[in-house]
Amino acid sequence: MSGQAMPTSLTTALTAAQGEIEQALDILLPREEGREAPLFAAMRYAAMGGGKRMRGFLVLEGARQFNVARASALRVAAAIEMLHAYSLVHDDLPAMDDDDLRRGKPTVHKQWDEATAILVGDALQTQAFAVLAAPDTHPDPAVRAELCLHLALASGARGMVGGQMLDILAESATEPMTQAEIGRLQLLKTGKLIEFSAEAGAILGKAPAAQRMALCSYGHDVGAAFQIADDLLDATATVEEAGKATGKDAGAGKATLVSLLGLERAQVQAERLVAQARRHLDSFGEKAELLRQLADYAIQRRN
């Protein structure tokens, strides 16, 4: 897999968006005060100060296609990043993936303890929905309700959580998973939230159905490519590059497209998905150029 750097325009835009999302999280997460201060501190530790913010960036760029107010888009981006952070905190727990390192620093249950990590995940998840439901996110309550509904669907039993259950079941399965089964697991566990991130800007902008579907389809393909890239990184990147433990999938005998197809064929599949994702953006013209570059970057990154 190539270690090619991000194009300068994407580098600049993504860095700027990361700063804006960090500021939004700083405002929207509770301050470290009162008897609950350890919880609030751990929430901020988990959600702030790291990560590519790809999901948040998808929200911002999707919203930009429809001239949505930046403040509204940033609230949604921050909410999705909170929910993503909750999923990472819970995934890292000993009962799940049992990881000691995340984004180059100790995981929450290592920095505090397991009970605190569970509560942090719970609190970040509910805070995400509180942000989406607040009037400051959008003046139209129907838009706020739709955002909440679609985030719940993307992250719940038929989305991210369901995917995690399939991942757990796969570890004790007696038969190897098929390519279709691996694809469904990854769609639910990772892809659905990325898909919603791409669609959220269209929801905010009350976009026409065709353009909303185009962004949703783009998110679907980018999410699938991103997951293959993650699996490739686990197989090929160093701990320093990835910012977390690597080689765990192979060590655990976990079924991935890389283990099924091999490195070269998995890379080709990821490249096909990226090309398909780019085609979904044809109707948006030059305004969607950063989204095209992001699709390319999804399979070129080394962390």
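The legends below describe close-up views of a predicted model.

**View 1. The largest cavity and its lining.** One cavity of 30 Å³ or more is counted in the model. The volume of the largest cavity is about 110 Å³. Its lining consists of Y45, A46, A85, L88, V89, D92, R102, R103, K105, P106, T107 and V108. Two or more lining residues come from each of helix 2 (37-47), helix 4 (70-91) and strand 2 (105-106). Helix 4 contributes the most, with 3 residues. By class, the lining of the largest cavity has 7 nonpolar, 1 polar and 4 charged residues.

**View 2. L88 in the lining of the largest cavity.** L88, a residue of helix 4, is one of the residues that line the largest cavity. L88 counts as buried because its relative accessibility is 12%, and the cut-off for buried is under 20%. Apart from neighbours within four places in sequence, L88 is in contact with R102 and R103. Both of these arginines are also listed in the cavity lining.

View 3. The lining of the second largest pocket divides into 5 nonpolar, 8 polar and 2 charged residues.

**View 4. R75, a buried arginine without a salt bridge.** R75 is located in helix 4. R75 is buried but forms no salt bridge, and D136, the nearest side chain of opposite charge, is 4.2 Å away. The cut-off for a salt bridge is within 4 Å. With neighbours up to four places away in sequence left aside, the contacts of R75 are L28, V131, A134, D136 and T137.

**View 5. R144, a buried arginine without a salt bridge.** R144 belongs to helix 7 (residues 141-155). R144 is buried and has no salt bridge; its nearest side chain of opposite charge is that of D140, at 6.5 Å. Not counting residues up to four places away in sequence, R144 touches L132, A133, A134, P135, H138 and P139.

View 6. R64 and E61 form a salt bridge in which the closest N and O atoms are 2.8 Å apart. Both residues lie in helix 3 (residues 54-64), with a spacing of 3 residues, about one turn of the helix. R64 is partly exposed, at a relative accessible area of 30%, whereas E61 is buried, at 5% relative accessibility.

**View 7. The salt bridge between D100 and K110.** The side chains of D100 and K110 meet at 3.8 Å, N to O. D100 is in the loop between helix 4 and strand 1 (101-102) and K110 is in helix 5 (residues 108-111), so the pair ties together parts 10 residues apart in sequence. D100 is partly exposed at 45% relative accessibility, and K110 is partly exposed at 49%.

**View 8. The salt bridge between R212 and E146.** The R212 and E146 side chains meet at 2.7 Å, N to O. R212 is buried, with a relative accessible area of 17%, while E146 is partly exposed, with 27%.

Key
Residues are numbered from 1 along each chain as its sequence is written. This is a predicted model: local features need pLDDT of at least 70, side-chain atom pairs count only at pLDDT 80 or more; totals for chains, interfaces and linings use all residues. Side-chain values use heavy atoms; hydrogens and water are left out. On a 1 Å grid over the protein atoms alone, a cavity is a set of points where a 1.4 Å probe fits but cannot get out, and a pocket is an open set with protein on both sides within 12 Å along at least five of seven lines; lining residues have an atom within 4 Å of a point. Grid points are joined across faces, edges and corners, and a volume is the space filled by probe spheres set on the points. Helices (H or I, at least four residues) and strands (E, at least two) are DSSP runs, numbered from the N terminus. Ala, Val, Leu, Ile, Met, Phe, Trp, Tyr, Cys and Pro count as nonpolar, Asp, Glu, Lys and Arg as charged, and the others, Gly among them, as polar. Buried means under 20% relative accessible area, exposed over 50%, partly exposed in between (1.4 Å probe, protein chains only). Lys and Arg count as positive and Asp and Glu as negative; His and the chain ends are not counted. Contact means heavy atoms within 4.5 Å.
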